[in-house]
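Please look through the sequence and the 3D structure shown below before reading on.

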Amino acid sequence: MANGENTAGGYTPEELEKIWNTAISGAELELGQECVNQWIKPVGLKRIDKDLAILATSTSFLADWVERNYGRELLRHLHAAAPQINRIDVTVSKTGQRHALPGLAVKPAPEPVALRKPIIETGGDGLHSSLLDPRFSFSSFVVGKPNELAHAAARRVAETADATFNPVFLYGGVGLGKTHLMHAIGWHLAEHHPKRKVLYLSAEQFMYRFVQAIRQRDTLAFKTQFRAVDVLMIDDVQFIADTDSTQEEFFHTFNALIDQKKQIVISADRSPDRIDGLEDRIKSRLQQGLVVDIHPADYELRLGILHQKIEDMRRSDPEIEIDPKVLEFLAHRISTNVRVLEGALIRLFAFAALVNRRIDLEMTQECLADLLRTVERKVTIEEIKRVVSNHFNLRMSDLTSARRSRMVARPRQVAMYLCKMLTQKSLPEIGRGFGNRDHTTVIHAVKVIEKLKESDSQMAEDIEVLRRNLEGR
Ligand code: ADP
Ligand code: MG
């Protein structure tokens with residue numbers, strides 16, 4: 001296995017393969033088998049040049065895709081496998097030159113991923129922060145009900161130096177913005193309080209350094225290094241539960257820092273008391289500060305984030321266009337986590353460029369079919385009919401009946417609209433579910449409701465209540 005001294009070209013193909021396989025196993029745990037098979041396995045580790053890992057894959061599309069969507073994760077797992085790696089670049093191998101598809105301009109190769117700037121360092125004492133992603137700032141973070149507490153806590157840490165709440169413990173499921181908030185703290189401090197020393201580390205990096213210090217019997221130096229830090233942030237601390245001795249060290253360092261009023265910010269995917277293998281006294285210490293959870297984004301927040309991402313993208317490409325209806329559709333349908341939502345958006349733009357098409361609802365459904373299937377909450381037409389008829393005080397049979405009075409027709413249109421938005425059913429299938437109506441009737445219903453939603457706030461509210469109801473949130 002690699003060590004710190006081993007630099008450029010010093011790796012045999014077998015060693016490279018071993019590192020790559022280790023990184024892949026890590027990525028599998030985080031991203032899931034399917035995703036790794038589809039996107040990561042077609043990539044190989046070609047070379048390690050000092051701290052830069054050069055990966056190669058067959059097409060420029062794949063290279064851009066992997067780098068944009070999985071760059072951060074890959075870097076982290078490569079770093080865990082070979083700690084000298086601090087940057088990655090995904091290139092196209094000779095056999096598959098970066099080539100343009102017909103009608104597509106060749107884009108310049110992107111810079112090595114995310115960790116572009118050597119960001120914040122703690123000075124000449126040997127401790128280096130992980131690099132911060134320039135996209136993750138407070139200004140690009142959209143605040144909504146589900147994350148407002150976490151956001152306020154992060155702001156507080158960034159803006160005041162008093163360490164009132166210590167540690168600040170942010171927790172929540174994957175892709176809800178924990179890392180984004182921590183990086184935002186880092187950027188804010190770098191900009192407004194450049195003298196304050198900030199150290200941001202993933203738990204894996206933290207552990208790695210710990211273990212190294214223990215091996216070199218130099219934990220004292222390690223602790224001294226941490227003393228120079230004003231703000232210590234450790235991301236994904238659920239990975240820290242390790243052997244007793246490292247926990248012991250962690251605990252002491254942690255206590256020492258708190259005693260010195262150094263601000264500590266920690267993130268995890270669950271609350272302190274639910275982290276397996278963590279000693280009770282550490283759990284309770286973690287709970288003595290401010291523990292805030294980030295809830296899954298609701299529809300409004302999801303939509304807000306999508307608009308924000310489009311705005312971010314426009315900064316590098318002002319031409320970018322997308323039908324607002326598509327954004328609504330995505331926010332409706334993808335409620336798992338923000339990362340998936342963002343991935344969907346990137347994929348849409350990639351496909352739109354590849355096939356040179358405008359992004360409308362139809363192409364969205366086509367291009368994201370597999371993704372939509374996996375995130376589908378399996379709302380059925382029957383369920384929609386039941387919930388809608390309840391809401392409007394009708395019988396379910398009214399919706400399938402031939403009655404055309406507005407009292408019945410409008411709720412029926414609402415139900416059809418919701419079927420289109422919330423299920424994968426085709427228009428004819430939906431029509432059949434409503435007393436064998438024609439698919440053109442369904443199209444008409446969708447159009448009518450879409451229009452009404454704009455002009456009639458009561459209608460917009462009804463739809464939102466129904467949607468929430470159906471999606472169980
Ligand atoms: P976590 O660390 O909780 O797993 P991340 O911070 O990596 O999640 O967020 C995943 C992606 O979602 C990032 O690209 C991040 O920018 C985006 N994201 C999450 N929440 C928000 C938000 N409230 N506003 C803007 N972007 C967000
Ligand atoms: Mg994270």
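Which side chain has an N or O atom 2.7 Å from an oxygen atom of ligand 1? It is the side chain of His 180, and this pair is a polar contact, meaning a pair of N or O atoms within 3.5 Å, where within protein one must be able to donate a hydrogen and the other to accept it, and residues adjacent in sequence count only if both atoms are side-chain atoms. This is a predicted model, in which local features need pLDDT of at least 70 and side-chain atom pairs count only at pLDDT 80 or more, while totals for chains, interfaces and linings use all residues. Residues are numbered from 1 along each chain as its sequence is written, chains are lettered from A and ligands numbered from 1 in the order in which they are written, and side-chain values use heavy atoms, with hydrogens and water left out.

**Around ligand 1**

- Helix H5 (178-192), helix H10 (299-316) and helix H12 (338-355) are the elements that give two or more residues to the shell around ligand 1, where helices (H or I, at least four residues) and strands (E, at least two) are DSSP runs numbered from the N terminus.
- There are 19 residues around ligand 1, and Val 142, Gly 175, Thr 179, His 180 and Glu 342 come nearest; a residue counts as near if one of its heavy atoms lies within 4 Å.
- The shell divides into seven nonpolar, seven polar and five charged residues, with Ala, Val, Leu, Ile, Met, Phe, Trp, Tyr, Cys and Pro counted as nonpolar, Asp, Glu, Lys and Arg as charged, and the others, Gly among them, as polar.

**One side of a helix**

- In helix H7 (residues 219-227), the buried residues are Thr 219, Phe 222 and Phe 226, where buried means under 20% relative accessible area, exposed over 50%, and partly exposed in between (1.4 Å probe, protein chains only).
- These residues lie on the same side of H7 because they cover an arc of only 55 degrees around the axis, the arc being that of the directions from the helix axis to the C-beta atoms.
- An α-helix has 3.6 residues a turn, so residues three or four places apart point the same way.

**Backbone angles in loops**

- Most residues other than glycine have a negative phi, and most peptide bonds are trans.
- Lys 50, in the loop between strand E1 (44-49) and strand E2 (52-57), is not a glycine and yet has a positive phi of about 50 degrees; with 56% relative accessibility, Lys 50 is exposed.
- Lys 261, in the loop between helix H8 (244-259) and strand E7 (263-268), has a positive phi of about 60 degrees although it is not a glycine, and Lys 261 is exposed at 61% relative accessibility.
- The peptide bond from Asn 166 to Pro 167 is cis, with omega near -5 degrees, and Pro 167 sits in the loop between helix H4 (148-159) and strand E4 (168-171).
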